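Hi there,

Here is the structure I promised to pass on.

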2 protein chains.
Amino acid sequence: MTARAANTEVVLRWGSLADLPELLAHHAPAARYAVVSDSNVAPVHGQPVVERLAAAGQHADLFTIRAGEPHKTTAAWATLVEALAAEGLGRDGCVVAVGGGVTGDLAGFAAATYARGVAVVQVPTSLLAMVDASLGGKTGVDLAAGKNLVGAFHPPRLVLIDPQLLGTLPPDAMADGLAEAVKHGAIADTAYLDWIEANAEAVLAHDPAALHRLVTDSVRIKGGVVERDPEEAGERAVLNFGHTIGHAIEAATDYSVGHGSAVSLGMVAEAAIGEAVGVTEAGTGRRIQRALRACGLPIDHRPLPEPKTLLQAARTDKKNRGGAVRYVLLARLGVTVKSPDGGWAHPVPDDRVEEVLNGLRRVPGLAPHV
Amino acid sequence: MTARAANTEVVLRWGSLADLPELLAHHAPAARYAVVSDSNVAPVHGQPVVERLAAAGQHADLFTIRAGEPHKTTAAWATLVEALAAEGLGRDGCVVAVGGGVTGDLAGFAAATYARGVAVVQVPTSLLAMVDASLGGKTGVDLAAGKNLVGAFHPPRLVLIDPQLLGTLPPDAMADGLAEAVKHGAIADTAYLDWIEANAEAVLAHDPAALHRLVTDSVRIKGGVVERDPEEAGERAVLNFGHTIGHAIEAATDYSVGHGSAVSLGMVAEAAIGEAVGVTEAGTGRRIQRALRACGLPIDHRPLPEPKTLLQAARTDKKNRGGAVRYVLLARLGVTVKSPDGGWAHPVPDDRVEEVLNGLRRVPGLAPHV
């Protein structure tokens, strides 16, 4: 598959990494390439990419960053741009992010700001990055007060998605990506959600056909939303379904709950909120929970911090400054609905949300409802 | 005068600071205003602005940064965005930079990146910022390897220029602004250059009519260039006249030579380079030197670092990565000329430049030539 989303060329093909030198020459010609990988991915994929580019006669250097969301900081960004400068990268250079979401966000933000902007190419190596983070041009790093609080919109020239790279990905990292795939089904495509529930096992077993279908459908859904609204003026906000509470869970637990698990729990919560306020069709949350469980994702809110703590964290999110906390709500499975005030996210009073979250914490495992 | 440049409203009027609350409400309505000033300007202008906004019923907080180019760092940016987050600034907030070029660049970059971009308003308090830095949307901070190596294009909603604020500006800071004004005359308007030479004394004495004319003409020239080429795809490069060597002088002297002095010496050098390679009409450099001397700006290259050192510094500039160092050259006074390769800046071999710079160092004061 080759598609375009917001001026980005998306190449999605099993084994496509082998074509990176020619694809770069065509879609992102540059005097030199700065390949950025984290300390886990650099030996597995980063260094081989540099060697592949060198073998094709292209100038490429490897820049290794520290792995993990706790290192997606302003300091890590500063270290990276200083390293790019020390290496002499020019405006005619190109950053190639090879890795997961953290690498893509950090390397993308470095590219967005270095010399006031150089080209960036995303080569996602995690399922999460393939179905979500590498698409749409959001880049950034975290602040003490919350995730992604500084950043830039900087669409990549090229996103190269090679599902073959997932062969080395551990199951919990696969589950992270599946959470976003479930979200895509929940907000836009019921048939896709059903397919995920039925095929999650094959995806987790790295079945090539299942992986290809999953990535293709998610890229189609996310790419469509992003192309219609590249800078989140409106519709793009629907991609935040599950993320208001999801981000709050991450922040309130100091990121000890991974992104996929947090979004999974966030979707459970926000579906319940939608049902509680009468916006979402009853039973929608149970369907989403079933798909999440098939993917091995958590749905049990009992081990989480107090609702008040989560709401406090939600309030520091950049989307919720200076007003009521807002939530993307579904009308029913596959269909989001605008708020009565015309926004894509609904303001819901904290006390209603607290009630729902307390309810989720009283459930002895959510299984009985499923 | 009210003008628009690259989606920016420019209000230029003696005493206009008094109208800031209404101008903000009209051109940059926001839930709250983050007023950023440096430690020198905060007590003189920053705090009064916050009080003026508060008196008009607007929510405003003061953020004080450390004064001076050595503090225009990635660390200072990180400290500022963390402070904005801690104060709870939302996407519906607006940054108001009250100060000189360093404040405008740093606060502008914070606004460009905070929550992936919030509105910014520039209230320049130095002549340099009024005639140059506040216009055109360039924001950024310095890296160890060079000035402004990271940043973003982020046009302000409003630039409020009140020449009355210059009453407190010391003479050397006035000279900094005059260097850019001379540049505007040199690249675009001979009559303006003549006027500067004749009226520099009145400007330095803060004569209101002279200040108003100076700021108005510079804003007209720079605003015109920036409006035609907001992201420096082409023509905007002419504003770099004097800046290739100027930035090199700043970097090679660890910024002990101020920006205005460095640009003054840079224009002397680049006019001489243009004459030496036969692109610039003979005598052009002498006319520029005469205007610079009238403004009290330095033209003597003898105290500067070795030419080789300057060229090495020039090579680390983001505009000169990966190729020959380039210079904006004049055809004659008031007229720039494109390079034979179609670029707005001319590649000149290092050995030719070194020869010219060595020549300037042999001159016992440049006065005899003037």
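I started with the contacts between the chains: chain A and chain B have 8 residue pairs in polar contact, counting pairs with both residues at pLDDT 80 or more. Please keep in mind that this is a predicted model.

On the chain A side, four elements each supply at least two of the residues that touch chain B: helix H3 (74–86), helix H4 (101–113), strand E7 (138–143) and strand E8 (146–153). Sorted by class, that side of chain A holds 16 nonpolar, 8 polar and 9 charged residues. Despite those charged residues, the count of salt bridges between chain A and chain B is 0.

As for the extent of the interface, 33 residues of chain A are in contact with 33 residues of chain B. The two chains bury about 2,800 Å² between them, and 57% of that is on carbon and sulfur atoms.

I also looked at one residue within chain A, Pro21(A), which sits in helix H1 (residues 20–27). Is Pro21(A) buried or exposed? Its relative accessible area is 5%, which is under the 20% cut-off, so Pro21(A) counts as buried. Leaving aside residues up to four places away in sequence, Pro21(A) touches Arg52(A), Leu53(A), Ala56(A) and Gln58(A).

Best wishes

How values were computed
Residues numbered from 1 in each chain as written. Chains lettered and ligands numbered in written order. Predicted model: local features only at pLDDT ≥ 70, side-chain atom pairs only at ≥ 80, totals over all residues. Heavy atoms only, no water. Contact = heavy atoms within 4.5 Å. Buried area = accessible area lost by both parts, 1.4 Å probe. Salt bridge = Lys/Arg side-chain N within 4 Å of Asp/Glu carboxyl O. Polar contact = N/O pair within 3.5 Å; in protein donor to acceptor, adjacent residues only side chain to side chain. Nonpolar A, V, L, I, M, F, W, Y, C, P; charged D, E, K, R; others polar. Buried < 20%, exposed > 50% of the residue type's maximum accessible area, 1.4 Å probe, protein only.
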